[in-house]
Amino acid sequence: MAVKPAAPPTRAALRSRRARGVWLTHAALILAILIISAPLIFAVIKSTQTSSIVLSPSLLPGGAFFQNLSGVWEDAHLGRYMRNSLVVAVCVTAGKTTLALLAALAFVYFRFPLKGAAFTLVLLSLMLPTEVLIIALFDLVSRDLNWANTYAAIIVPFLASATGTFLFRQHFLSIPTSLADAARIDGCGPLRYLTHILIPMSTNTIGALAVIQFVYAWDQYIWPLVIMQQDDKQVVQVGLRKLIEVGGQTDWGAVMAGAVITALPPLIVFTALQKQFSRGFALTEDK
Amino acid sequence: MLSPGRARPTPDAAENAVFRGRALPWLFLLPSLLILAVFIYLPALQTLRLAAYRANVILGTEQFVGLANFADLLSSPAYQQVALQTLVFTVLTVTFGLLLSLGLAWLASRPVRGAGAYRLLLIYPYALSPAIAGTLWLFLFNPEIGLINQLLGELFGVRPRWLDTPSLAFGLVTLAAIWKGLAYNIVFYLASIQNLPGDVMEAAEIDGATPAQVFWRVAFPLLSPITFFLVFTNIIAALFDSFALTDILTRGGPYTGHAGATTFLVYQLYQDGFVNFKTGVAAAQAALMLALVAFVTWMQFRLGERRVHYGS
């Protein structure tokens with residue numbers, strides 16, 4: 001009947017167990033981070049080496065980064081690809097955020113018929129990734145709309161955001177209704193309420209979402225690959241593939257410089273919004 | 001945040017309907033609904049229609065064939081092989097990707113000095129695109145000039161043909177996909193671990209539970225909602241995001257049996273739709289993938305209701 005509980009460890013035993021654990025934790029984390037970062041560190045080092053040693057196993061950084069970069073920036077049109085990707089990613093991020101804010105405003109602060117159906121329609125779009133729609137989308141955009149080789153083709157189809165609408169709705173629901181009541185009584189309309197009250201109160205959610213959406217738009221690959229048959233509006237991810245193929249003999253130092261530069265804009269956005277990103281992710285827990 | 005269970009998509013139950021106006025809410029919804037209708041739902045319906053035709057987008061020909069495209073696909077040894085490869089790839093990346101991310105997020109959440117820096121270093125690879133991942137791995141594992149083979153050659157005298165050997169190429173793509181997915185999963189696990197009730201785990205530890213027991217008996221069940229959500233997003237990522245990675249790293253090759261060893265469903269769809277211009281067959285593949293995604297989503301909601309511990 002009597003099951004003896006194991007004697008609880010003394011404080012000293014707990015402490016020594018913890019101390020050993022701490023060193024193991026440090027060792028495991030450092031090892032993991034080194035392994036995870038290795039391909040990136042490798043790319044950064046190789047992007048600085050001259051073409052004479054880039055193919056050797058040497059891992060000593062050189063000073064040829066800008067020389068490598070300038071080789072592909074103009075000749076392989078990396079500069080143009082980067083500009084195209086920036087235009088697309090900024091437009092998609094701004095557009096998605098705006099449309100999602102407006103949609104969430106309607107869903108939270110209005111009562112109207114078919115609201116449930118409209119919300120389901122927005123959420124269900126999560127189940128329809130571009131890759132699945134690509135055949136029909138290609139027909140629609142290139143033949144019916146005649147948008148092939150335009151920015152519109154890689155911006156407009158991606159402006160609606162189920163994730164954004166969902167997140168903003170969740171966030172708006174956590175803001176006390178009394179605030180909106182007071183605003184309305186003071187004669188403040190919904191749009192003014194959105195711009196003056198809701199948006200300033202949603203900076204963390206907006207920041208977290210902006211990171212996700214910028215990275216998503218920046219990483220687009222299959223759709224630009226099929227819809228952009230001409231090179232002048234192509235995005236940088238597909239451009240990378242062209243850098244590798246250029247002329248049969250790949251200049252790996254230049255390709256690595258291109259890869260490093262391609263990784264920079266999302267890194268900058270991520271670093272700039274890191275605080276909002278972390279906070280935005282714990283937001284619904286009220287932390 | 002996005003985890004299931006916390007927020008149910010029932011807008012009627014939760015609303016602060018404050019502002020009035022009949023047309024106004026529709027006006028705010030119009031841009032989103034219009035984009036979704038034209039660029040998501042219309043193409044989805046069109047895909048289902050095209051799947052019943054033998055069509056060529058370049059020649060502009062269309063001929064109704066009913067379910068023949070589906071019958072051809074499902075009985076084709078090449079497509080069966082591609083489907084099986086996709087399944088194995090998905091199971092491997094999701095399982096090992098999630099186990100690794102959970103372990104690392106758990107370690108980086110321990111109250112050790114510099115944990116903040118560790119966390120940041122673990123999640124910044126989120127900014128790397130699948131195409132960049134493919135490019136880096138292509139150079140690293142290049143049989144002749146790649147660093148890996150130069151090291152292996154020096155140390156062990158072996159230089160595996162990573163990209164030409166079916167099993168090695170498959171393993172390499174799987175490994176690269178796991179590597180690429182780690183940061184995303186770690187972000188979500190870190191956020192969830194931070195929200196775990198610290199007192200419960202402290203109590204378990206004081207009652208004599210070993211760290212392993214605290215992890216598996218206390219933390220792991222409490223993390224099941226986020227694990228469940230990540231299983232779903234990772235399956236979708238393995239099915240779709242693998243395209244850029246394989247396109248750059250292996251081009252779907254090397255050929256083995258009836259198809260390329262790293263040709264997965266999306267890559268096959270792209271090949272048939274935009275290289276071979278078999279629009280109808282590609283649309284049928286898209287319809288099958290649509291059914292697959294619908295099935296995964298349905299499973300998530302169904303199993304999620306029953307199996308997952310959501311707390312009180």
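**Ground rules.** I number residues from 1 along each chain as its sequence is written, and chains are lettered from A and ligands numbered from 1 in the order in which they are written. Because the model is predicted, local features need pLDDT of at least 70 and side-chain atom pairs count only at pLDDT 80 or more, while totals for chains, interfaces and linings use all residues.

**Confidence in chain A.** I looked up pLDDT, the predictor's confidence in each residue, from 0 to 100. Chain A averages 86, and 92% of the residues score at least 70. I then went through its elements; helices (H or I, at least four residues) and strands (E, at least two) are DSSP runs, numbered from the N terminus. Over residues 283–287 of chain A, pLDDT stays under 50. The model has eleven contacts beyond four places in sequence for that stretch. Two residues are in contact if their C-beta atoms, placed from the backbone, lie within 7 Å.

**α3(A) against α12(A).** I followed α3(A) to helix α12 (residues 236–245) of chain A. Their axes come within 8 Å and cross at roughly 160 degrees. Axes are lines fitted to C-alpha atoms, for helices over the stretch in contact, and angles run from 0 to 180 degrees between N-to-C directions. The two helices are therefore roughly antiparallel, a word for angles over 145 degrees. On the α3(A) side I found A:Leu78, A:Tyr81, A:Met82 and A:Ser85. They meet A:Val236, A:Gly239 and A:Leu243 in α12(A). By class, this contact has five nonpolar, two polar and no charged residues. Ala, Val, Leu, Ile, Met, Phe, Trp, Tyr, Cys and Pro count as nonpolar, Asp, Glu, Lys and Arg as charged, and the others, Gly among them, as polar.

**Between the chains.** I checked the interface next: 87 residues of chain B are in contact with 88 residues of chain A. On the chain B side, helix α1 (residues 24–50) of chain B gives the largest share, 18 residues. That side divides into 68 nonpolar, 14 polar and five charged residues.

**Positive phi.** I noted A:Leu114, not a glycine, with a positive phi of about 65 degrees. A:Leu114 lies in the loop between α3 (78–109) and α4 (115–124) of chain A. A:Leu114 counts as exposed, with 10 C-beta neighbours inside 10 Å; the cut-off is 12 or fewer, with C-beta atoms placed from the backbone.

Key
A residue is buried if 20 or more other C-beta atoms lie within 10 Å of its own, exposed if 12 or fewer, and partly exposed in between; C-beta atoms are placed from the backbone. Angles under 35 degrees count as roughly parallel, over 145 as roughly antiparallel, 65 to 115 as roughly perpendicular and the rest as oblique.
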